[in-house]
Amino acid sequence: MGMTMTQIILAAHAGLEKVTAGQLIEADLDLVLGNDVTAPVAIHEMEKMKIQKVFDKDKIALVPDHFTPNKDIKSAQHCKIMREFAMDQEITNYFEIGEMGIEHALLPEKGLVVAGDVVIGADSHTCTYGALGAFSTGVGSTDMAAGMATGKAWFKVPSAIKFVLTGKPGKWVSGKDIILHIIGMIGVDGALYKSMEFVGEGITHLSMDDRFTIANMAIEAGAKNGIFPVDDLAIQYMKEHSKKEYKIYEADEDASYDETYVIDLSKLKPTVAFPHLPENTRTIDQVGDIKIDQVVIGSCTNGRLDDLRIAAKVLEGRKVAKGLRVIIFPATQAIYLKAMEEGLLATFIKAGAVVSTPTCGPCLGGHMGILAAGERAVATTNRNFVGRMGHVESEVYLASPAVAAASAVTGKISGPEELGL
Amino acid sequence: MKAFGRVHKYGDNVDTDVIIPARYLNSSDPKELASKCMIDIDKDFVNRVKPGDIIVANKNFGCGSSREHAPIAIKASGISCVIAETFARIFYRNSINIGLPIIECAEAAKEIEAGDEVEIDFDSGVIYNRTKGTKYQGQAFPEFMQKIIKAEGLINYINNQ
C-alpha cells in the first residue's frame, strides 16, 4: 500500500523508505518556530539541557507577535527574554516589530518555508504552511526546546482524510468559507491526530491566500496538518518569495485514506461559525438577525493581502454602522505597506474602521480589541471558544473577510449580497 | 506509578482557552498559571482542587492553542492524571513532554462522575473507581512514550541519551 503526501515527506525526513500510520519516527527539522508566548517557556526548558547551542541558527524563527507591541510589563519581560536569546544564539530569523508580522503570514512571505519541508512551531496554527506543500505542525514549548537543540522531533505518523475539491467557488465564497464548511461537516475533532490532504481541480480556483487560510484552520478540525499538492501557483509563490530549494512530493496513487470527501465548491455559500465552536456553522442565509458590537478583520487566518482587498471592495464608499467598532489588522508589515500603496487603508479609514499594526492581539483576547460581557464580534479569526476574545460572556462569530466587512456596514451579521454586491 | 484522588468532571471539547485564558499568558510561572486554571469553565476549581485530584473529561480534551501553559497549569494545580475519551493532539504531546500523566479511556470518561474517588495504575493502565467499585482498562502508552514519562519529560529523556 502506498503513502500519503504527508507520510512521504515524513519518511524522507526520517531517512526511511517507508512509513505507515501509527509508526513512531524521529524526523529532521527544516525550521523550528516560536513566538513571544511560547518561546520564553521553551528557552527556560532549553536552559535545563546539556545541549546549550541551537542546532542551526538559520533554521530557527522567533517572532514576537502575540502581545506585541508589548501590551504590559510582563509581556515586555517575555519579549526581552526572547530577544536576548536571539542575540545570544545569533538567530538569523528573529523579527523585531518593525520587520515583523503574524508568524504564519510572515514565514512564507519571507521565504522561510517551501514545499517538502518539515516544520514544527510552538503555535497551533503552524499547520498553515501545508498550503505550500510542506509538512508543518503545531507543538508545545518543550518540543520547541528539543527541536532547537537537536534539530529533530518525534512524530506518530498520521493517517489521512482526503478532501477532493471540485468546481469553482461563487463570487463571495473564499478559502474561509470552504474550511468552515469542512469543519462544520466533520466536527472539531473530525480529523483528530490525522492529516487533511486537499486535492482536486477545484484547487486551481483558489489563490495562495485562500489555501493558507484553509491549511491554517486544519487544527480546528483537530488535524495534525493540512496539506495541498504543489502546483504552478505554489511554485510561482515560492520563486517570488524564497531562495530555498523546494522539493515536490506527491501522494502515491494507491495511498490509503481513512475517509474521502468530495466537495463541490460551486455549491458552497458564505459560512459563519457560531459560538462557541468552529463546527457550529450556518450558511449566511441561515444566520438570522444577529446584532454585533465589533468586527475584526485580520489574523494568521485572514490578514493577507487578498483578504484586505476583499474587505476594501465591500467597504469602498460605505460607512461602518453607527456605534460599531471595526478593527483591521494587516498580517505583516509588507502587507500593511502594500495595502497602503493600493489605497486599501484609506478605504478602511474613510469607512470608519481603525487600522492596527500587525499583532495576534484581539484574536486570542490578548489586547487591541477585547470584548465586554454580553458583546458580540464577527471576526475573520480562527477560534470562537468561550472567552476567546475577552469576557467569558462575550461571543465570537467566525466568518470570511467579505462577510465581516458587510457586517461592518449593516451592524449585524450580513453577506455582501445584502449590500447589493 | 500510581495516582489516587477525587474527580473533577468536564464535558466535550474543553479547550486550552478555558483551561488557561490568554489574558494570563503574560506569565509562565507554574504557580501563577495554576491560580487561574480552568477559570473560564469552572471558577471554583482552584478552591476545590487538592493534590492528587484527577480530571475526567469526554472527547477532544485540550483542543485549540498549543500553549504548554495549559498542561503546566493543570499539573501545578496538583492534578495527578487526566482521563479523557480522546485528547487533542498538541495537548497530548505537551502532557507527555512535561510529565503530566494522561490516559485515554472512553468507558471511564463516560461513567466516572464528579466527586468519585479514582485510582490509576500507570504501569497496567488500569483505572479503578473506588466509589463505584468499577474497573476500566485505559490505553497504555507505546514504549517510546513510556520512556519519556519515566524520565519525567522530554528534556530529561534527551539529556539521558
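Me: Before anything else, what makes a residue count as buried here?
Reply: A residue is buried if 20 or more other C-beta atoms lie within 10 Å of its own, with C-beta atoms placed from the backbone. The model is a predicted one.

Me: OK. With that cut-off, how many residues of α13 in chain A are buried?
Reply: Helix α13(A), residues 401-410, has 9 of its 10 residues buried, so by that definition the helix is mostly covered.

Me: Which ones?
Reply: The buried residues of α13(A) are Pro401(A), Ala402(A), Val403(A), Ala404(A), Ala405(A), Ala406(A), Ser407(A), Ala408(A) and Val409(A).

Me: And what covers them?
Reply: The cover includes two helices of chain A, α9 (299-302) and α10 (305-315). It also includes strands β12 (271-273), β14 (294-297), β15 (325-328) and β17 (376-379) of chain A.

Me: What follows α13(A), and what is its phi?
Reply: Gly411(A) follows, with a positive phi near 80°.

Me: Switching to sheets. What is the strand order in the 4-stranded one in chain A?
Reply: The order is β10-β9-β8-β11, in an open sheet with parallel pairing. β10 (225-227) and β11 (259-264) of chain A are the edge strands, and each pairs on one side only. On average, neighbouring strands are turned by 20° against each other, direction ignored.

Me: How many bridges join it to β9(A)?
Reply: β8(A) and β9(A), the latter at residues 195-199, run parallel and are joined by 5 bridges. Ala160(A) stands opposite Ser195(A) there.

Me: Now chain B. What is the order of its 7-stranded sheet?
Reply: β4-β3-β2-β1-β5-β6-β7, again as an open sheet, with mixed pairing. β4 (102-104) and β7 (134-137) of chain B are at the edges with a single partner strand each, so one side of each has no neighbour in the sheet.

Me: How do β2 and β3 of chain B run, and over how many bridges?
Reply: β2(B), residues 54-57, and β3(B), residues 81-84, run parallel and are joined by 4 bridges. Ile54(B) has Cys81(B) as its bridge partner in β3(B).

Me: Next, the interface. How many residues does each chain put into the contact?
Reply: Chain A gives 43 residues and chain B gives 36 residues.

Me: Which helices on the A side?
Reply: α2 (39-46), α3 (73-88) and α5 (141-150) of chain A each supply at least two residues. The largest share is 6 residues, from α5(A). By class, the A side has 18 nonpolar, 14 polar and 11 charged residues.

Me: How do α2(A) and α3(A) sit relative to each other?
Reply: Their axes come within 9 Å and cross at roughly 55°, and the two helices are therefore oblique to each other. The crossing is left-handed.

Me: Which residues meet there?
Reply: From α2(A), Ala39(A), Pro40(A) and Ile43(A); from α3(A), His78(A), Ile81(A), Met82(A) and Phe85(A). That contact has 6 nonpolar residues, 1 polar and no charged ones.

Notes: Residues numbered from 1 in each chain as written. Chains lettered and ligands numbered in written order. Predicted model: local features only at pLDDT ≥ 70, side-chain atom pairs only at ≥ 80, totals over all residues. Contact = placed C-beta atoms within 7 Å. Nonpolar A, V, L, I, M, F, W, Y, C, P; charged D, E, K, R; others polar. Axes fitted to C-alpha atoms, helices over the stretch in contact; angles between N-to-C directions. Parallel < 35°, antiparallel > 145°, perpendicular 65-115°, else oblique. Left-handed = near helix turned anticlockwise from the far one by under 90°. Pairing = 2+ DSSP bridges. Buried ≥ 20, exposed ≤ 12 C-beta atoms within 10 Å, placed from the backbone.
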